[in-house]
Amino acid sequence: MSLDMSQTGGGGLAFIDSASGGVGSAVLGLTWNVARGATNTVQVGILPANARIASIFVQVPIVSNAATTSTVSVGLVGGSATFFSAAQDVKGAVGNFSQAATANWVVSGSSQKVSCTYTETGAASNAGTFTVLVTYTLL
């Protein structure tokens, strides 16, 4: 089996099986560690034009010890903090949490600046580790 790599019209990468002619896309990703704070929103990356989100995962190896609540969401810079994902509880359990697709997981003809918001209530946390992964393909 031999694979050839080719650039798509939208700037993405496609892999073509030279034997069958089958075409597949490369899966790319944005990943970052989340900074804790009372309410902390930061730009974490840019989805290029023609990106199609495949998945969003919030990984929680160490839960937050904030007194009341602690959440992480993936949003759009200049838009909603929950544009791409609902707020994920990062206080209740250790795990790798798959985020439900929102209506905004659609291909955009222009690049999109991605933000991440960490919010906690009650007494401030001094523990908790969280990582977010957004996977996407380019058309």
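Predicted model: local features only at pLDDT ≥ 70, side-chain atom pairs only at ≥ 80, totals over all residues.
Tutor: Residues are numbered from 1 along each chain as its sequence is written, and side-chain values use heavy atoms, with hydrogens and water left out.

Student: Why is T131 called buried?

Tutor: The relative accessible area of T131 is 16%, and buried means under 20%, with exposed over 50% and partly exposed in between, for a 1.4 Å probe and protein chains only; T131 is therefore buried. T131 is found in strand β11, residues 129-138, where a strand is a DSSP run of E with at least two residues, helices are runs of H or I with at least four, and both are numbered from the N terminus.

Student: What makes β11 largely enclosed by the rest of the structure?

Tutor: In β11, 8 of the 10 residues are buried, and therefore the strand is largely enclosed.

Student: What joins the side chains of T131 and N33?

Tutor: They are joined by a polar contact of 2.9 Å, a term for a pair of N or O atoms within 3.5 Å, where within protein one must be able to donate a hydrogen and the other to accept it, and where residues adjacent in sequence count only if both atoms are side-chain atoms. Leaving aside neighbours within four places in sequence, T131 is in contact, meaning heavy atoms within 4.5 Å, with residues including W32, N33 and F57.

Student: How do you know that β11 pairs with β4?

Tutor: Two strands pair if DSSP finds at least two bridges between them, and β4 and β11 have 6 bridges in the antiparallel sense, with W32 standing opposite V132 in β11. Strand β6, residues 51-62, also pairs with β11 in the antiparallel sense, over 9 bridges, and the bridge partner of I56 in β11 is V134.

Student: Why are β5 and β8 said to stand at the edges?

Tutor: An open sheet of 4 strands has the order β5-β10-β7-β8, with antiparallel pairing. Here β5 (39-47) and β8 (88-89) each have a single partner strand, so one side of each is left without a neighbour in the sheet.

Student: What makes the pair of F83 and F84 edge-to-face?

Tutor: A search of the whole structure finds 2 aromatic pairs. In the pair of F83 and F84, the ring centres are 4.8 Å apart and the planes stand at 90°, whereas the rule is that rings of Phe, Tyr and Trp (its six-membered ring) pair if their centres lie within 6.5 Å, with planes under 30 degrees apart counted as stacked, over 60 as edge-to-face and the rest as tilted; the pair is therefore edge-to-face.

Student: Which aromatic pair is stacked?

Tutor: Y118 and F130 form a stacked pair, with 5.6 Å centre to centre and 20° between the planes. This pair links distant parts of the chain, with Y118 in strand β10 (residues 112-121) and F130 in strand β11, 12 residues apart.

Student: Are Y118 and F130 buried or exposed?

Tutor: Y118 is buried at a relative accessible area of 0%, and F130 is buried at 1%.

Student: What lines the largest cavity?

Tutor: The lining is formed by W32, N33, V34, A35, N40, V42 and C116, and the elements that give two or more residues to it are β4 (28-33) and β5.

Definitions and conventions:
1 Å grid on protein atoms, 1.4 Å probe; cavity = no way out; pocket = protein on both sides within 12 Å on 5 of 7 lines; lining within 4 Å.
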